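Subject: Structure handover

Hello,

Here is the structure for your files. Please open it alongside the notes that follow.

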Amino acid sequence: MSIFMVPVLVFFIMKDKDRLARWLLRFLPADRTLVNRIGRDINVQMSNYIRGKTIEMLIVGVAAYILFHLFGLNYSILLSTLVGLSVFVPVVGAIVMTVPVVLVAFLKFGFSQQLIWLTLAYIVLQQLDGNVLVPILFAEVNKLHPVAIISAVLIFGGTWGIWGVVFAIPLATLVQAIIQAWPEEIAQPEAQTRLSTDIS
């Protein structure tokens, strides 16, 4: 049912987005400075996230192609392209792509040292992507510290499973935007109140 209903839902949301937005804004306060600021920050952060994810796909795809080509693996271009695309879904993508990579390698090399070395090299590539490339890359594009990124993956992944892992970085950017905007917006009225009290 979701396969058919979700595209229809998306179509109507895009078709009447202005009307729906006006309806939702009725339930928000007239002064939406904080909400608007958080919305702008999230929009920028999500754009940076998509750009960072694209860069990650390219880096992992090229690295996988070089690895497969060095081992003389069949279908190197196809497999490396799929490996690059698989990083969009953290953890699960790497696990799923391990099956065709090992299967193609087994059909070419049989149960040999080359199969073992290729498998180990592929695992090292995935570990470098998840534990080194992702924290460094998204720390730059999303202005998140690597500790924050790793913590977000652990916290949201432990809470919501695979979906928490997939959306860990977007959720971390949402939390960051709220933390950055909230104190300033709250502090200003308090400062103005204290100033008015002192003057009076």
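From the N terminus on, the elements of the chain run α-α-α-α-α-α-α-α-α. That comes to 9 helices and 0 strands. Helices (H or I, at least four residues) and strands (E, at least two) are DSSP runs, numbered from the N terminus.

This is a predicted model: local features need pLDDT of at least 70, side-chain atom pairs count only at pLDDT 80 or more, and totals for chains, interfaces and linings use all residues. Residues are numbered from 1 along each chain as its sequence is written, and side-chain values use heavy atoms, with hydrogens and water left out.

Overall figures

Of the 200 residues in the chain, 30% are buried. Buried means under 20% relative accessible area, exposed over 50%, and partly exposed in between (1.4 Å probe, protein chains only). The chain exposes about 13,500 Å², and carbon and sulfur atoms supply 73% of it. Areas come from the Shrake-Rupley method with a 1.4 Å probe; for residues, only the protein chains shown count as cover. Take contacts (heavy atoms within 4.5 Å) between residues at least 6 apart in sequence: 65% join residues at least 24 apart.

The core

A nonpolar core is a set of buried Ala, Val, Leu, Ile, Met, Phe, Trp, Tyr and Cys residues joined through side-chain atoms within 4.5 Å. The largest one has 29 residues; Phe68, Leu73, Val83, Leu118, Tyr122, Phe138 and Ile169 touch the most other members. At least two residues each come from H3, H4 (76–86), H5 (92–109), H6, H7 (146–160) and H9 (168–199). H6 gives the largest share, 8 residues. Leaving out residues up to four places away in sequence, Leu118 touches Leu67, Phe68, Phe71, Leu73, Ala105 and Phe109.

Aromatic pairs

Rings of Phe, Tyr and Trp (its six-membered ring) pair if their centres lie within 6.5 Å; planes under 30 degrees apart count as stacked, over 60 as edge-to-face and the rest as tilted. The count is 3 aromatic pairs. Phe11 and Phe12 have ring centres 5.3 Å apart and planes at 75°, so they are edge-to-face. Phe12 is partly exposed, at 44% relative accessibility. Phe68 and Tyr122 have ring centres 6.4 Å apart and planes at 25°, so they are stacked. This pair links distant parts of the chain: Phe68 is in H3 (residues 33–71), Tyr122 is in H6 (residues 113–141), and they are 54 residues apart. Both Phe68 and Tyr122 are buried.

Salt bridges

There are 2 salt bridges. The rule is a side-chain nitrogen of Lys or Arg within 4 Å of a carboxyl oxygen of Asp or Glu. Lys15 and Asp16 form one (3.5 Å, N to O). Lys15 is exposed at 54%; Asp16 is partly exposed at 24%. Lys53 and Glu56 also meet in a salt bridge (3.1 Å, N to O). They both lie in H3, 3 residues apart, about one turn of the helix. Lys53 is buried at 5% relative accessibility, and Glu56 is buried at 1%.

The surface

Phe88, Val89, Val92, Val96, Trp160, Ile162, Trp163 and Phe167 make a nonpolar patch of about 790 Å². Patches are made of residues with over 30% relative accessible area and no salt bridge: like charges are joined within 9 Å, nonpolar side chains (Val, Leu, Ile, Met, Phe, Trp, Tyr) within 5 Å. H5 and H8 (162–166) each supply at least two patch residues. Phe167 lies in the loop between H8 and H9 and is partly exposed at 42%.

Best wishes
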